[in-house]
Amino acid sequence: MNILTKVLNRKELIDQPPVLIDIGASGQIHKIWRKIAPHSICVAFDADDREFGFVTNDKSGFRKLHVFNCIVTNKDDKEIEFYLTESPYCSSTLTPDINALNVWAFADKFNVQSTTNLKSISLTNALKQVNLTYVDWFKTDSQGTDLRLFKNLGDEITQKVLVAEFEPGIIDAYKGEDKFFMLLEYMADKNFWLSNLTIKGSKRISNDNLKDLSSNGLLQKLIQFSLVTSPGWSETTFINKFDKELSIRDYLLGWVFATILKQYGFAFNIATIAKKKFNDNMFIEMTEASSYALKMNILKLKFFPAVFEKISKLLKIE
């Protein structure tokens, strides 16, 4: 049994399993959750035309999976207007800002094909329906409403969230959207630190400009492809700082989460603090596992032979 499985099989995590929220799930298990899925409860949201409610699946790869076939919002409205765009990945409860988007090469993806009213539920109400009072890992890609959904959990829950993932916009894509700078401002006053930031984007040229340059579709695509990609949105991950009062269960799970996120230094820190805080030999094992992971991570320096040779002699790595 590896150390992750050993920790996840602790009584604290069996009695109170990890709870994962997935907004914008697209029908697949979040890749990084695969190692923890069999031990975890997942609440996912997937809007379709079935009868309102939720489906519980015990054969999904998760310990338990609750799928709500509706749009999740920060309000208790039973229905909400939904904008169906040319690209389904750009569809949103918010109106696309076409005037602002027109200067970008990917503007056509946001063209509204039709609008519809979809069943909706607030995040807090959804948790009540499945009898959950806490969230450990919050993940959302809601096309413009990430921050308001996180806030909807309430301070009592959010301050104990261990990992939070968002995909906020940087440019103007939707009217009234939650932007990247708003997320940073909000999280700056909370007990989280920014552990990962990946900037994604588009090319700053309008489709009309491309047509002015050439009537040849292939040449238009080549021109667009050759341009520098400018920031448009971000993939952002925050981890709890562990500077507030948390339980032994939170330290166990926080170490698991930091480890699978490859934040080995922070995992070592969590285990070190917990080793002093709790009289439990498991944290000694966790500290040793993090120490080993940090040293093995040095193997990446093989790409820099001279540096690796000196360090490997110091640590006796072969």
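Biologist: How many residues of strand β1 (residues 19–23) are buried?

Modeller: The model is predicted, so local features need pLDDT of at least 70 and side-chain atom pairs 80 or more, while totals for chains, interfaces and linings use all residues. Residues are numbered from 1 along each chain as its sequence is written, and side-chain values use heavy atoms, without hydrogens and water. Strands (E, at least two residues) and helices (H or I, at least four) are DSSP runs numbered from the N terminus. Buried means under 20% relative accessible area, with a 1.4 Å probe and protein chains only. Five of the five residues of β1 are buried, so the strand is largely enclosed by the rest of the structure.

Biologist: Which way do the residues of β1 point?

Modeller: In a regular strand, side chains alternate between the two faces of the sheet. Here V19, I21 and I23 point one way, and L20 and D22 the other way.

Biologist: Which strands pair with β1?

Modeller: Two strands pair if DSSP finds at least two bridges between them. β1 pairs in the parallel sense with strand β2 (residues 41–45) over five bridges, and with strand β8 (residues 137–140), also in the parallel sense, over four bridges. L20 has C42 as its bridge partner in β2 and stands opposite W137 in β8.

Biologist: Is S195 buried or exposed?

Modeller: Exposed would mean over 50%, and partly exposed lies in between. S195 counts as buried because its relative accessibility is 17%. S195 lies in strand β10 (residues 192–203).
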